[in-house]
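Have the structure open while you read.

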Amino acid sequence: MIKTDIAVIGGGPAGICAAIDAAASGARVLLIDRNSQLGGQLIKQTHMFFGSQKQHASKRGIDIPGILAEEMKKYQDKIEVMLDATVLGLYEDWVLTVEQNGKYKKIAPRAIVVATGASERFPAFPNNDLPGIYGAGAVQTLMNVYGVLPGESVFMVGAGNIGLIVSYQLLQAGVKVKGVICRSPKYGGYAVHASKIRRMGVPIMPQHRVIYAHGKEKLERITLIKLDENKKEIPGTEFDIETDVLCISTGLTPLGELLWQIGCEMKFIRELSGHVPIRNEEMETSIPGIFVAGDVAGIEEASSAMVEGRLAGLCCAKRLGFVNPDFDELKQDYLKQLHDLRSGPEGDTIRKGLAKIVI
Amino acid sequence: MMNKTASVVIIGGGISGCAIAYSLAKKGVKDVVVVEREYLCSGATGRCGAGVRMQWGTEMNCKLAKYSIEFFETANEELEYEYDIEFKQGGYLIIAATEKEVEQFQKNIKLQNSLGIPSRYITPKEAKEIVPHMDETQILGAAFNPKDGHLNPFHTTQAYANAAQRLGVEIMKFTEVTGIDVENGKIKGVQTTKGYISTPVVVNAAGGYSQLISKMVGVEMPVFSERHQILVTEPVAPMQGPMFMSFSQNIYCQQTPHGSFIMGRGDPNEPRDLRITSSWDFLEEMAKTCIRLLPPLRELRMVRQWSGLYNMSPDRQPIYGPVKEVEGFYLACGFSGHGFMFGPVTGVVISEAILGEEPTIPVHMLGLDRFEKGELILEPSVV
Amino acid sequence: MLKSTGIPTQKDLETVVPSKERLAKGPVAIMECFEKIPCNPCYTSCKRGAIKEFEDINDRPQLNVDICNGCGVCISNCPGLAIFVVDETYSETEALVKIPYEFSPLPEEGTYVTGLDREGKPVCRAKVVKVQNSKAQDRTPVVAIAVPKELSMVVRCLSLDDYYSDNTIVCRCEEVTLGEIREYIRKGYQTIEEIKRISRCGMGPCQGRTCSQLILEEIAKATGQDVADLKVHTYRQPTLPIKLGLLVGGEDDE
Amino acid sequence: MRIESHPILTFKKGRKVKFTYNGKEMEGYEGEPIAAALHAQGVKVLGYSPNRHRPRGFYCAIGNCSSCLMVVNGKPNVRTCVEKLTEGMVVETQRGKGDLK
């Protein structure tokens, strides 16, 4: 049994920042991630980030883990990192079971920060299981981590930030993007992301839906249909497009399995894209000592995930008696940063969602 | 809120409750209502290992099990089920790992054979022929009955429920019993979260929660509910016919027709507070026992663990029939982990008790009063 | 008019549709042969003698519905493909319609197709219950599809186009389709736990990670509820499959 | 197909290793997922579903689903989207439910 003060589950932007702030407060931290390198989804992001300097704005996603790792070095006597380690279970006696490189291990932490991120949603249409139909996450992994092209041409379903960004990344990798569709009259991502791909000649097609995928062994063709303003299909407007890859980017949903396992109170909040834990402003769930940060607490941007991570790490350490000398200032600063990041018109939905879940 | 009248209210929508409802309706009883707190089969029935065996150590349990298994053989047809209850009659191979077990099994088999159960004692070599991936050096012998088997508990319960509904039984899912009215020592009605049901007869088939139901009418039962855990693996091509089981080594392990293996074990230190959470120690102990006896299964991946409640009676035999304190209150509980396999016989004997009919199998000695009288015959063969 | 459109009229059909009482008794042939032409294989193929002997080869078939048991041998023998078998006792809500189908590919049993009426208009989803294609049928396969009971006298053809997306795989691990999920919901299994137990959806190696959201959405759609109000399935350990062999090596730590 | 040049990224690749796919010799980089190595060689269909025999490929890429199960070194049900490639691996298409032998 491995003993530690705080186990941080998930080594994405939220988890790394939680580990840093918890260690900075004096707690011993075990940072667990199932990938071979820290950074979560950041390691697949070739574009520059928004936000302010504090959240490493205008740095590329791929470079942020390195910057954070530099910061982590300051606390290397406090933070232990477990890579290639998947947390299998969180049990009622607070034991975490983990598989790491073909070995089974158990961890007994005194407090936990769950920063497990999100999983992808998939729409249902006939033959959606054909090879060649991939989630945006899979396309990014294949292309930006392993340098393997997903195919010759890609059609993108979903025009939120991820759909638009991945389209851009596909262009960078030399893949033809045949078009991007979304169901609403307006695409969901930032306009600057849309313009970037539009001027490369990629059509953005609002009010469309995939109704059929065709192909014998693998994807050859898709059928689209036009939708009216209320997202209702307009009969007779079906048409086919040839493509060997269909990339699905229809949204993320918080990955709260471990929170369910341990019995945290969860609530479905549409604005936060799924079931999220009820928590206080310090990111502590209904079970004292279990904190959350990042997408698992509600789907948002990497910038807010990093700040939430710092806040959770700071407060989780305090829960165990490791009180940072600057606790109050830091906490106020993190809350202010989060407030600022969510203050614009794009943050409207998030603010509404948080109002329903933060107690 | 509804207000209705029923001739019988059955509390619990597991195999017992649904089988009782079916048997009553088949005998022509109108207005039977089954009240289930969640969905059908959400309690012990849906959580159990769903093995069915005739190989027991007491005459009573042998008879109850034999009746039930013979019913399962034709249940798809009898209940006219639209899907399949997935009865896999691949037998039970119960290994003897100690001298004491050898002796006990030989005694059991004699009893079983006298009751028409085709069990037999086999050598380790014969056992290995039946389960080729076992380590036969770990055993002294085994008991085998080809007539034992395994079912899908959800489909089996659903088959009963659908058949009962066709005969007019009403099943109220997602309805919790909040109280039972008794007047002058007689059942008067049942309060539920969806309204009141006036009835002269209540059957307690509430599985792990039966003691709470009995308490509502002031009947104390010497039973407790113990958590039992189980796991299921990914599916692989068929490789194991029978249920593989050991009392002394504490394991049961079966490959379902779907290809996945389910396995479980008991532990006297399990909580008895109605918790149905899971633990990591179970996984480790389960894996250890399984791999020691069935080594190739080390390559199998488990995909899920869960738990359920055994409603334990002092002699590990069911509690059947009326109680003397309250007229119209019937018990079908205390199954001690084998309520699923006794489902069909439970349906028959409880319906007979309610209707005052001659019992198919005399079960009067399984009444609640046996514990006061101290006339207990302990069942030795339980995991 | 049949002779101008190819579609039999209501009046034509009245002459061949059996009584409600007869339909309630079980399968029966429906001989949609409305014109006097020189042809009698239906009579010669019926081993039960349910079709009255032809006095003139131009006679229209006269079926004795009390003798006919709906065996369907006549279906493949009818050169005009004008015979269908309807079984309204198939289930409480569905009827089975047997249709001659001489196209390739044949539908697969257990999948969903679209039921077409006599004009070729899609009218319902239909589950393929059986596909018979024996040597005796001599390349006139018979496809039995389950359709809503009220359409038993309407559906007379099928299209492999999945008009309702019913063949969409929802649960990849156990290969459960949207059509199956919809069928379970119609039959009263309206929570994710029940659907999981009846269909195995979510019981595979992924433990519902890809399918549970789709199932919840389908339940919400069918029952008019909000996804936010639906109960989710219980989450249990482990989050990912793990070999039993690894669990054993669990003690080698400090 | 592999990305030859990229404006932003450089790929740290392991050493080249040989493996076999259904008996055919192939090359990939040590440490990359088996499915990525196969995809780079144009192999998109990794297996067939056990009941309906539908072709299956790479899907979630994080070991969450059952889409990429293959037989690796004789062992069934290996998640090739996360299992790392090593020298001399024997990778085969899995048909039906894996056989534990």
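## Chain B overall

Bear in mind that this is a predicted model. Chain B carries eleven helices and 20 strands.

How does the radius of gyration of chain B sit with that of a compact globule? For 383 residues the globule value would be near 21 Å, and chain B comes in at 20 Å, so the two agree.

## Inside chain B

Of the 383 residues in chain B, 57% are buried. As for contacts, take those between residues at least 6 apart in sequence: 75% of them in chain B link residues at least 24 apart.

## A helix pair in chain C

Over in chain C, helix α6 (residues 178-186) packs against helix α8 (residues 212-223) at an angle of about 45 degrees, and their axes are 10 Å apart. That angle is why α6(C) counts as oblique to α8(C). As for handedness, α6(C) and α8(C) make a right-handed crossing.

Which residues make the contact? On the α6(C) side they are Leu178(C), Ile181(C), Arg182(C) and Ile185(C), while α8(C) brings Ile215(C), Glu218(C), Ile219(C) and Ala222(C). Sorted by type, the residues where α6(C) meets α8(C) come out as six nonpolar and two charged, with no polar ones.

Methods: Residues are numbered from 1 along each chain as its sequence is written. Chains are lettered from A and ligands numbered from 1 in the order in which they are written. This is a predicted model: local features need pLDDT of at least 70, side-chain atom pairs count only at pLDDT 80 or more; totals for chains, interfaces and linings use all residues. Axes are lines fitted to C-alpha atoms, for helices over the stretch in contact, and angles run from 0 to 180 degrees between N-to-C directions. Helices (H or I, at least four residues) and strands (E, at least two) are DSSP runs, numbered from the N terminus. Angles under 35 degrees count as roughly parallel, over 145 as roughly antiparallel, 65 to 115 as roughly perpendicular and the rest as oblique. A crossing is left-handed if the near helix is turned anticlockwise from the far one by less than a right angle, and right-handed if clockwise. Two residues are in contact if their C-beta atoms, placed from the backbone, lie within 7 Å. Ala, Val, Leu, Ile, Met, Phe, Trp, Tyr, Cys and Pro count as nonpolar, Asp, Glu, Lys and Arg as charged, and the others, Gly among them, as polar. The radius of gyration is taken over C-alpha atoms; the globule rule is 2.2 Å times the number of residues to the power 0.38. A residue is buried if 20 or more other C-beta atoms lie within 10 Å of its own, exposed if 12 or fewer, and partly exposed in between; C-beta atoms are placed from the backbone.
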